[in-house]
Amino acid sequence: MKVGIIDYGVGNLGSIARALESLGVTPVLVDNAMNLHTQDRLILPGVGNFTDCMHLLDKGGWTSALREEVITHNRPLLGICLGMQLLADSSTEGANDAEHGTKGLGLVHGRVMHLSKLGCNFRIPHVGWNSVSSTSGDNHLFQRIPDGTDFYFVHSYVFVAQKNCDVLATTDYGTPVAAAVGNGLVWGTQFHPEKSSRAGIQLLSNFLTGPIC
Amino acid sequence: MLTYCKKCVMPDTKPDLNFDEMGVCSACRSYERRKEIDWDARHEELMVILEKYRSSDGSNWDCIVPVSGGKDSTYQVIRMLQLGLNPLCVTSTTCDLSSIGRQNIENLKQLGVDFVEVSPNPLVRAKLNRIGLNLVGDISWPEHVGIFTIPVRAAIQFNVPLIVWGENSQDEYGGPAAAAEDNVLNRRWLEEFGGLLGMRVVDLIGQEGIEKKHLLHYTYPTDTELARVGVTGLFLGHYLPWDGLSNALIAQANGFNTYQKVVEGSMVNYENLDNHQTGIHDYFKFLKFGFGRATDLACLHIRRGRITRTDGLDIVNRLDGKFPWEYLGKSLESILEPLDMTVSEFVSICDSFTNKKIFQRYANGDLIKDKNGNLTKINCDNL
């Protein structure tokens, strides 16, 4: 199986690659949008600012290529941290147009907004281990992961899904926060599975063994 | 409940650490693989890279060596001099430099090297310490940023492309200089390597009166500047066998001073001697993840077969994660003073960052503390 980590110009690739290697998979760093179709499964990392990342995705031709792979070819995709937020329709982070926000990939419908806008009075950013509960029992991504397991989070913005059924798991940080979202074969985790010890590796393994289409 | 590696004493709460089906952590497995390394071949590779960057006519330095004056950087400089290089040593002044740290910097210069010390504005630094502690539970956030930005800025300023770092704690990787082509460091590489806990330098502008102009030392050069000089780097620990204790012995034989006793919260006297805030940094690691500096050190020595796992556990249980009332002999109250923070404010920040699932608590949920404010982990080994 070929697993491609999308290398569109932001960091955080090394630790994801190492986590996959511990599962016996040697990931490919895909640095050209034209080569996306050669991979069986895709991982979209993200670090930094939504608007900057979307700019890189647009500039490199990734936005249209990713949408085609996912929508037309049913290629399974996992977005991690900011990579999950990029799946949304829009985000206010770094946006020139504060009202409508910056346009995202639109693969899981929803908007990304600052934690403080959701009524969170806790310290921001949300950094550290926090327990995650799956919203339904038959969720492939969370198979063999007990409810309430801790995962490692680092973020200030959150994904607010348009449809409740697209939220696969939540965590509580002064307000309910989407910890994982999914729609068809597109998944995203707000936490970092690659930094989350055994449970994180199990989740990555679940993604790798998940349905293809 | 914490699960510990079956070979060393590291808990599974350490981010980025993986455990295999035998219950052994990835750091132990990585160390086992080091035994298969052909160090002679690595040494040859190192010589090829160094020759490539050596100044042929003596018109410039051969490399930048980022130094703190600690055991590892003293060792790095000794090795560079033994290999006939002319390094420019660059120090980023620590947040709260200790007198023994200053002595060791002076000693390092006496090895016979050119040296530059970059000291960011201490008043801004204190604000950054406070913001780091308050927001992400890391008082050393500005220091960790500066350790990476300042030598890279110096490389640009002095037009010296090669930076020789010490150990790469994140993975077994020689650094970009080893790549045959396209080996120039870029901003993205630096940011991934630097590990900033979700708080970025740009996020600080506007907080507590901090302006862009106050953060120049904490800002990476642009990709254009990096490309102009061709800045690249290598990790010496990839090319030479790397062991903190033997580095300390070699450094000591070259004038490096150790502390008069085991450092508070640690289990040795030969490292982390240059910054009074380090005790706070290590304590927060204990609160968040259930391990402190003594655990790190015990793991290193267990892997090298110097102490048994049982001895390591005993040491960790006695020394790790003690409330940082003092560090290198300076009181907590004095350490917090430049941050304009009292000990009681500090305690409430500690509590807010404590992972309550791994420490003993009363029935009402409050943390159980002894008379010195120390917490007790729920479990100190696998049950």
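Modeller: Let us begin with a definition: strands are DSSP runs of at least two residues, numbered from the N terminus. Please keep in mind that this is a predicted model.

Colleague: Why does A:Leu185 count as buried?

Modeller: A residue is buried if 20 or more other C-beta atoms lie within 10 Å of its own. A:Leu185 has 20 C-beta neighbours inside 10 Å, and therefore counts as buried.

Colleague: Which values describe two packed helices in general?

Modeller: Two packed helices are described by the angle between their axes and by the distance between those axes. For helix H12 (residues 293–303) and helix H13 (residues 309–319) of chain B, the angle is about 170 degrees and the axes are 9 Å apart.

Colleague: Why are H12(B) and H13(B) called roughly antiparallel?

Modeller: Angles over 145 degrees count as roughly antiparallel. The angle here is about 170 degrees, and therefore H12(B) is roughly antiparallel to H13(B). The crossing of H12(B) past H13(B) is right-handed.

Colleague: Which residues of the two helices meet?

Modeller: From H12(B), B:Ala294, B:Thr295, B:Ala298 and B:Ile302 meet B:Arg309, B:Gly312, B:Ile315, B:Val316 and B:Leu319 of H13(B). By class, the residues of this contact are 6 nonpolar, 2 polar and 1 charged.

Colleague: How is chain B divided into domains?

Modeller: Chain B has domain 1 (60–239) and domain 2 (261–383). Their centres, taken over C-alpha atoms, are separated by 26 Å. Domain 1 of chain B gives 22 residues to the contact, and domain 2 of chain B gives 18.

Colleague: Which element supplies the largest share of the side of domain 1 of chain B that touches domain 2 of chain B?

Modeller: The largest share of that side, 5 residues, comes from H5(B). The residues of the side of domain 1 of chain B that touches domain 2 of chain B divide into 6 nonpolar, 11 polar and 5 charged.

Conventions:
Residues are numbered from 1 along each chain as its sequence is written. Chains are lettered from A and ligands numbered from 1 in the order in which they are written. This is a predicted model: local features need pLDDT of at least 70, side-chain atom pairs count only at pLDDT 80 or more; totals for chains, interfaces and linings use all residues. A residue is buried if 20 or more other C-beta atoms lie within 10 Å of its own, exposed if 12 or fewer, and partly exposed in between; C-beta atoms are placed from the backbone. Axes are lines fitted to C-alpha atoms, for helices over the stretch in contact, and angles run from 0 to 180 degrees between N-to-C directions. Helices (H or I, at least four residues) and strands (E, at least two) are DSSP runs, numbered from the N terminus. Angles under 35 degrees count as roughly parallel, over 145 as roughly antiparallel, 65 to 115 as roughly perpendicular and the rest as oblique. A crossing is left-handed if the near helix is turned anticlockwise from the far one by less than a right angle, and right-handed if clockwise. Two residues are in contact if their C-beta atoms, placed from the backbone, lie within 7 Å. Ala, Val, Leu, Ile, Met, Phe, Trp, Tyr, Cys and Pro count as nonpolar, Asp, Glu, Lys and Arg as charged, and the others, Gly among them, as polar. Domain bounds come from an automatic or database domain assignment.
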